[in-house]
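Q: Please take me through the model one feature at a time, giving the general idea and then the case at hand.

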Amino acid sequence: MQLVHPPATPTSNAIVPIFSGGGTRLSAHIGIISALQDMNISFKTLVGVSGGSIVASLYAKGFRVEQMRELALHTDFRQFMQFSLFRLLREGGLSSGDVFERWIDTQLEGATFSDLQLNLNILATDVNGGGPVLFNKVQTPHMKVSQAVRYSMSIPLIFSFKPFKEYLLVDGAVLSEDALFDNWQGDGTPSVCFRLQSAMQKPKVIKQKFLKLPQYVSMLIRTFMIALSREYVHAKYWHNTVVVNTGDISPIDFSLSSDIKNTLFDLGYSTTKNFLPKKCAFVKITNTPKVS
């Protein structure tokens with residue numbers, strides 16, 4: 001697939017978007033990109049973290065919003081989820097992530113970072129040292145983008161950690177905000193972090209006296225991911241952060257319906273359109289008129 005995005009030029013409406021977290025709620029990030037396009041906000045550098053790295057990589061490869069939306073709607077996320085307690089004990093995750101990596105590599109046509117015209121940055125977390133590990137065309141030009149995405153979206157306990165050089169890599173969403181905000185483009189273009197946030201779900205009544213281990217593990221992962229997404233935003237990054245509230249839609253729901261995926265798209269779109277002009281006064285907003 002050839003790159004179909006028009007080249008971004010340094011203007012007052014240029015940003016570096018950071019698509020952070022999300023898990024299976026990646027449709028919200030697609031809605032965010034759609035809103036940015038309608039607001040005539042350009043970018044030639046983008047950052048993907050965890051579920052956000054999936055959408056960032058597809059966009060950097062040349063997917064249009066409509067193509068990404070159709071892909072998300074018609075992909076059954078359950079194909080990526082396995083349940084092996086042996087793997088959990090040995091490799092730290094119920095699923096290997098291999099099925100997902102093959103799937104995203106097919107979508108990206110085996111692209112490496114050097115194949116991309118946009119400057120894609122993907123972040124993962126090293127659990128051995130607790131710091132960020134960066135993948136892009138400078139650091140890892142010949143690495144397949146799919147491999148970096150697999151590293152970044154390794155939701156703890158769901159997907160196995162992955163070794164890379166001296167690192168043990170897991171979900172990039174575990175990173176602190178300091179690792180996200182940087183002069184990514186090297187020219188002072190402001191970074192804006194689009195972050196998905198979940199509300200605590202109403203607890204279900206558990207009638208049986210004892211929990212089955214798979215049920216307990218699922219509850220533990222869900223609680224951890226929701227708590228992670230609800231972590232407060234530091235004051236110094238508040239004006240550069242747009243929080244998309246996805247309500248009680250779980251970041252690890254691999255059975256999302258088409259209706260919920262469409263709802264997530266709409267939430268990403270409307271939140272960006274409504275709050276980006278208020279949060280980021282340094283960005284000049286112009287709306288593209290709709291053609292009826």
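**Contacts and burial**

Q: Which residues does F113 touch, not counting residues up to four places away in sequence?

A: A contact is a pair of heavy atoms within 4.5 Å. With residues up to four places away in sequence set aside, F113 touches L120, I122, F135, N136, K137, T140, P141, M143, K144, V145 and A148. The model is a predicted one, in which local features need pLDDT of at least 70 and side-chain atom pairs count only at pLDDT 80 or more, while totals for chains, interfaces and linings use all residues. Residues are numbered from 1 along each chain as its sequence is written, and side-chain values use heavy atoms, with hydrogens and water left out.

Q: Where is the place of F113, and is F113 buried or exposed?

A: Buried means under 20% relative accessible area and exposed over 50%, with a 1.4 Å probe and protein chains only. Helices (H or I, at least four residues) and strands (E, at least two) are DSSP runs, numbered from the N terminus. F113 belongs to the loop between α5 and β4, and its relative accessible area of 1% is why F113 counts as buried. Among its contacts, N136 is 23 residues away along the chain, yet the two C-alpha atoms are separated by 5.9 Å.

Q: How many residues apart in sequence are L123 and V133?

A: L123 and V133 are 10 residues apart in sequence, and their C-alpha atoms are 5.7 Å apart in space. L123 lies in strand β4 and counts as buried because its relative accessibility is 2%. Beyond its neighbours within four places in sequence, L123 is in contact with residues including V47, G48, V49, P132, V133, L134, S152 and G172. Further along the chain, its contacts include L175, A179, L180 and W184.

**Helices**

Q: Which residues of α6 are buried?

A: V145, S146, A148, V149, R150, Y151 and S152. Helix α6 covers residues 145-152, and seven of its eight residues are buried, so the helix is largely enclosed by the rest of the structure. In helix α3 (residues 65-74), the buried residues are V65, M68, L71, A72 and L73. An α-helix has 3.6 residues a turn, so residues three or four places apart point the same way. The cover over the buried residues of α3 includes α1 (27-38), α2, α5 and α8 (258-279).

**Active site and cavity**

Q: Where does UniProt place the feature "active site"?

A: An annotation of this kind may be inferred rather than shown by experiment; UniProt positions are given in the numbering used here, with shortened feature names. The unreviewed UniProt entry places "active site" at S50 and D171. These residues are spread over 122 residues of sequence but cluster in space, with a largest C-alpha distance of 5.6 Å. Of these residues, S50 is in the lining of the largest cavity. S50 sits in the loop between β2 (45-49) and α2 (51-61), and D171 in the loop between β8 and β9 (191-197). S50 counts as buried because its relative accessibility is 1%; D171 is buried at 0%. Leaving out residues up to four places away in sequence, S50 touches G21, S152, M153, D171 and A173.

Q: How many aromatic pairs does a search of the whole structure find?

A: Rings of Phe, Tyr and Trp (its six-membered ring) pair if their centres lie within 6.5 Å. The search finds nine such pairs, and ring pairs link F135, Y151, F164 and Y167 into a cluster. A charge sits over a ring if NZ of Lys or CZ of Arg is within 6 Å of the ring centre and within 35 degrees of the ring normal. R69 lies over the face of F265, 3.7 Å from the ring centre, and the charged end of K278 sits over the ring of F275, 5.4 Å from its centre.

Methods
Phe/Tyr/Trp six-rings, centres within 6.5 Å; stacked < 30°, edge-to-face > 60°. 1 Å grid on protein atoms, 1.4 Å probe; cavity = no way out; pocket = protein on both sides within 12 Å on 5 of 7 lines; lining within 4 Å.
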